[in-house]
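Reader: I'd like to learn how to read a model like this one, feature by feature. Could you walk me through it?

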Amino acid sequence: MALGEDRSTVSISQGIRMMFYLMSPNETCFRHEEQVPQYVQQATPFFVGMLLLEVLVSWAKNGDPGLRINDGLASVSAGMLSRLPHLIVRSLELSSYIYIWNNCRLMELPWDCPWTWWLAFLGVDFGYYWLHRLSHEVNFMWAAHQVHHSSEYYNLSTALRQSLTQQFTSWVFYLPMALIVPPSVFAVHVQFNLLYQFWIHTEIISKLGPVELVMNTPSHHRVHHGRNPYCIDKNYGGTLIIWDRIFGTFAPEGERVIYGLTHPINTFELLMIQFHHYVYIVNTFWNTPGMTNKLSVIYKGPGWGPGKPRLGLHEELPEITGKEVAYNPIWPAATQTYVLLQFALLLGIYNDLFDMQAFLSQTAILLSTGYILLTLTSLGFVMDQRPMAAMLEFVRCASFLVCHRFGFVKPIMSSLAVPTEVFFLLCVVYWGLQTLGRLSDDKTKQH
């Protein structure tokens with residue numbers, strides 16, 4: 001196949017290999033950035049397939065699927081949310097990169113040269129190391145990145161738990177490459193670097209021998225996701241672990257890793273997961289005396305306080321005993337089935353929106369996006385078993401009926417249109433009755 005030829009759709013073989021950064025330069029060299037496939041968008045079936053494989057292996061190996069419905073759906077919801085802005089605006093990472101390339105480049109490396117490809121491989125991973133490290137060491141950047149660490153489980157769904165706002169700072173770290181590396185080469189590697197990090201979010205793969213010396217592996221990344229004292233601020237690498245070894249942030253896996261934030265947030269509600277640390281920063285900013293200290297709240301580490309080192313004091317973190325139990329409240333099996341069904345219907349709408357966005361009006365895109373956001377939020381309320389869940393689900397299901405009637409959202413198959421409408425009509429009735437019952441109970445309590 002000639003270099004630069006249209007290869008917008010990946011084969012099954014290429015799809016599997018792209019998940020492990022095993023695509024060759026010859027397969028992934030493009031003259032123009034518009035020719036670069038949407039590798040991440042095409043990775044969905046491989047994400048699902050690997051998730052199912054992990055569940056089966058975990059079940060066979062440990063007698064447990066290793067995945068909880070509430071936590072897994074919260075992670076997938078965050079990943080879906082993080083991609084919604086791409087429906088309206090171009091990726092900020094690529095847009096800013098192209099601007100610097102067009103206006104400031106010092107030289108132009110050949111787009112079809114293997115050496116350019118390998119240089120970009122190193123450059124993107126080096127930029128990612130510093131992006132990742134500063135996302136732990138600068139509080140306002142941590143507010144975005146903490147989303148990815150908020151799960152107390154460690155499985156492939158955790159890889160999908162991405163931040164909506166991290167893309168607004170990540171673009172800066174790749175700009176030096178734009179002085180010499182063509183955008184089409186960068187556009188390949190920034191996607192592969194992200195895809196590679198999917199498979200390392202698992203506990204079913206132990207250590208990998210000599211590979212551990214150079215590559216980032218599940219063992220190394222388990223350490224990064226831990227809240228044990230030896231895990232804090234370690235192993236920032238994306239594809240390679242050599243940067244951590246060079247800059248002194250490497251730690252091998254030792255005692256059993258306890259996952260999640262040092263102060264667990266105990267929620268599956270999407271907006272809370274995404275924005276709770278921003279609220280914390282604002283409150284801390286106003287309550288901290290002195291302008292210098294106020295600015296330090298924003299630009300120093302998340303554990304910083306007046307009189308403390310830049311990154312705070314690790315000895316002040318909650319003690320890890322090894323007996324910690326991940327947040328997993330009991331909820332009815334019927335509710336779990338309902339949430340799974342609604343989420344499956346939403347995935348169909350979500351994928352259809354991305355597939356058809358070029359043919360949709362701006363109004364249709366905005367309404368569909370609004371419905372997706374409302375659904376992700378409402379299902380989070382249901383999983384959290386919040387009092388407002390019934391009212392929010394009533395509004396959401398009614399909104400679906402309106403959007404479906406006017407063609408803004410569609411079921412997976414046209415033959416399911418009528419059954420889907422009937423199902424949502426029943427949901428409206430059920431949640432409406434639940435809402436009226438709760439309002440009646442509230443009035444009774446007031447009297």
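Author: What follows is a chat about helices, cores, salt bridges, a surface patch and a few single residues.

Author: First, the ground rules. This is a predicted model, where local features need pLDDT of at least 70, side-chain atom pairs count only at pLDDT 80 or more, and totals for chains, interfaces and linings use all residues. Residues are numbered from 1 along each chain as its sequence is written, and side-chain values use heavy atoms, with hydrogens and water left out.

Reader: Let's start with helices. How many residues does helix 15 have, and what span is expected for it?

Author: Helices here are DSSP runs of H or I with at least four residues (strands are E runs of at least two), numbered from the N terminus. The expected span is 1.5 Å times one less than the number of residues. Helix 15 (residues 333-356) has 24 residues and reaches 35 Å from its first C-alpha to its last, close to the expected 34 Å. Helix 16 (residues 362-384) has 23 residues, and its reach of 33 Å is close to the 33 Å expected. Just after helix 16 comes Gln-385, with a positive phi of about 60°.

Reader: Which residues of helix 15 are buried, and what covers them?

Author: Buried means under 20% relative accessible area, exposed over 50%, and partly exposed in between (1.4 Å probe, protein chains only). In helix 15 the buried residues include Tyr-338, Phe-343, Gly-348, Tyr-350 and Phe-354. For the cover we look at contacts, meaning heavy atoms within 4.5 Å. Helix 2 (39-42), helix 4 (69-83), helix 16, helix 17 and helix 18 are among the elements covering the buried residues of helix 15.

Reader: Next, cores. How many residues are in the largest nonpolar core?

Author: A nonpolar core is a set of buried Ala, Val, Leu, Ile, Met, Phe, Trp, Tyr and Cys residues joined through side-chain atoms within 4.5 Å. The largest one has 97 residues, and those with the most contacts inside it are Met-18, Met-19, Tyr-39, Phe-186, Phe-192, Leu-195 and Phe-198. Helix 10 (residues 183-199) gives the largest share of this core, 10 residues. Apart from that core lies another, of 6 residues, among them Tyr-154, Val-223, Cys-231 and Val-257.

Reader: What does Met-18 touch, not counting residues up to four places away in sequence?

Author: With those left out, Met-18 touches Val-10, Met-23, Tyr-39, Gln-42, Ala-43, Phe-46, Phe-192 and Leu-195.

Reader: On to charges. How many salt bridges does a search of the whole structure find?

Author: Side chains of opposite charge can pair when their charged atoms come close. The cut-off for a salt bridge is a side-chain nitrogen of Lys or Arg within 4 Å of a carboxyl oxygen of Asp or Glu. A search of the whole structure turns up 13 of them. One pairs Glu-253 with Arg-222 at 2.9 Å, N to O. Glu-253 sits in the loop between helix 12 (242-247) and helix 13 (270-287) while Arg-222 is in helix 11 (residues 218-224), so this pair ties together parts 31 residues apart in sequence. Glu-253 is partly exposed at 21% relative accessibility, whereas Arg-222 is buried at 5%.

Reader: Are Arg-396 and Glu-393 buried or exposed?

Author: Arg-396 is buried, at 0% relative accessibility, and Glu-393 is buried, also at 0%. Their salt bridge has its closest N and O atoms 2.6 Å apart. The two are 3 residues apart in helix 17, so about one helical turn separates them. Elsewhere, Glu-316 and Lys-308 meet in a salt bridge at 2.6 Å, N to O; Glu-316 is partly exposed at 46%, and Lys-308 is partly exposed at 28%. Salt bridges also link Arg-133, Glu-137 and Arg-310 in a network.

Reader: And the surface: which residues form the nonpolar patch?

Author: Patches are made of residues with over 30% relative accessible area and no salt bridge; like charges are joined within 9 Å, and nonpolar side chains (Val, Leu, Ile, Met, Phe, Trp, Tyr) within 5 Å. Areas come from the Shrake-Rupley method with a 1.4 Å probe, and for residues only the protein chains shown count as cover. Met-388, Met-391, Phe-394, Val-395, Val-429, Leu-433, Leu-436 and Leu-439 form a nonpolar surface patch, with about 700 Å² of accessible area together. Helix 17 (389-405) and helix 18 (417-446) are the elements that give two or more residues to it. Leu-439 is in helix 18 and is partly exposed at 39%.

Reader: What is Val-428 in contact with, leaving aside neighbours within four places in sequence?

Author: Val-428 is in contact with Phe-394, Cys-397, Ala-398 and Leu-401, with those neighbours left aside. Val-428 belongs to helix 18 and is buried at 13% relative accessible area.
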